[in-house]
Amino acid sequence: MNSFVLSCCSTADLTAEHFKERDISYICFHFSVDGKDYLDDLGVSYPFDEFYKAMANGAMTKTSQVTVGEYVEYFENIIKQGKDILHLTLSSGISGTLNSATIARDQVLEKYPGSKVYVVDSLAASAGYGLLMNKLADLRDEGKTIDELYEWVIEHRLECQHWFFVTDLTYLVRGGRVSKAAGIIGGALKICPLLNVDYQGRLIVRSKLRGINAVMKAQVAKMEELAENGLEYAQECYISNSDCYKEARAVADLIESKFPHLKNKVRIYSIGTTIGSHTGPGTVALFFFGKKRLD
């Protein structure tokens, strides 16, 4: 039995079944729909299809991170089981949860000075964050210690590539990543931005393409360009989507046809309610390991 726990936030956007299967613990963010509060518990309290339907119908959503008090209780419950903790947070370029988790860690270690609680900025989001957690679980199962895993993730976290496109600019405009004027023009011209997560863990618009077919091809081309060992890529690949499974499946089919040595088929997940509140419906995100993000 492991003497430590791998831990993350619900914003890693895998399923409860996947987390259980890989023995990964998680703590939940919060969100609200038209002022009513919910737990971001991987679609249990508010099914994803209903959530995105509500957004499409004009519902206003807000999100809130895990509080310091929630982190303290969560960490303490694990430590009381005699376990140390390696906890990865949602990217600091997207959320302030790293700060809350760090404060909680310091408080817990004052009370339990003989324990280890590592808090690491994943510099990742959604199923890219989940892909990183899954890799850590692989390494744990190979026998690596908590200290070795901490050193590995600090060294390799920027090798987790995130490339995604958005078909509805409404939520990028609302979040300030696209101007209102550009959103109106882009919507009329069917512009689909291609974005990634940069080396500081921030969402960055990299290009703007006209039409979904063009942006899907550009997304897959990024994997051809950046994946570890190119077309010989042999690790896992995840896709997450917000109520657009058909488009996500089309991207997965392209990838499976171009990368014959993938470890397992492409896994497709739903973008959770926290990340989805900011991207909106119509987002397809692609995640794989490759060249280190440098910009």
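This is a predicted model: local features need pLDDT of at least 70, side-chain atom pairs count only at pLDDT 80 or more; totals for chains, interfaces and linings use all residues.
Residues are numbered from 1 along each chain as its sequence is written, and side-chain values use heavy atoms, leaving out hydrogens and water. Local features need pLDDT of at least 70 and side-chain atom pairs 80 or more, while totals for chains, interfaces and linings use all residues.

**Whole protein.** Start with everything shown as a cartoon: there are eleven helices and 13 strands (DSSP runs numbered from the N terminus; helices are H or I of at least four residues, strands E of at least two). The C-alpha atoms fill a box of roughly 60 × 50 × 30 Å along the principal axes. Of the 295 residues, 52% count as buried (under 20% relative accessible area with a 1.4 Å probe, protein chains only; exposed is over 50%, partly exposed in between).

**Strand β9.** Now select residues 191-197. Seven of the seven are buried, so the strand is largely enclosed by the rest of the structure. Show the side chains: Ile 191, Pro 193, Leu 195 and Val 197 point one way, and Cys 192, Leu 194 and Asn 196 point the other. In a regular strand, side chains alternate between the two faces of the sheet.

**The turn.** Finish at the β9-β10 hairpin, with five residues between the strands. Click on Gly 201 there: its phi is positive, about 75 degrees.

Technical notes
Two strands pair if DSSP finds at least two bridges between them.
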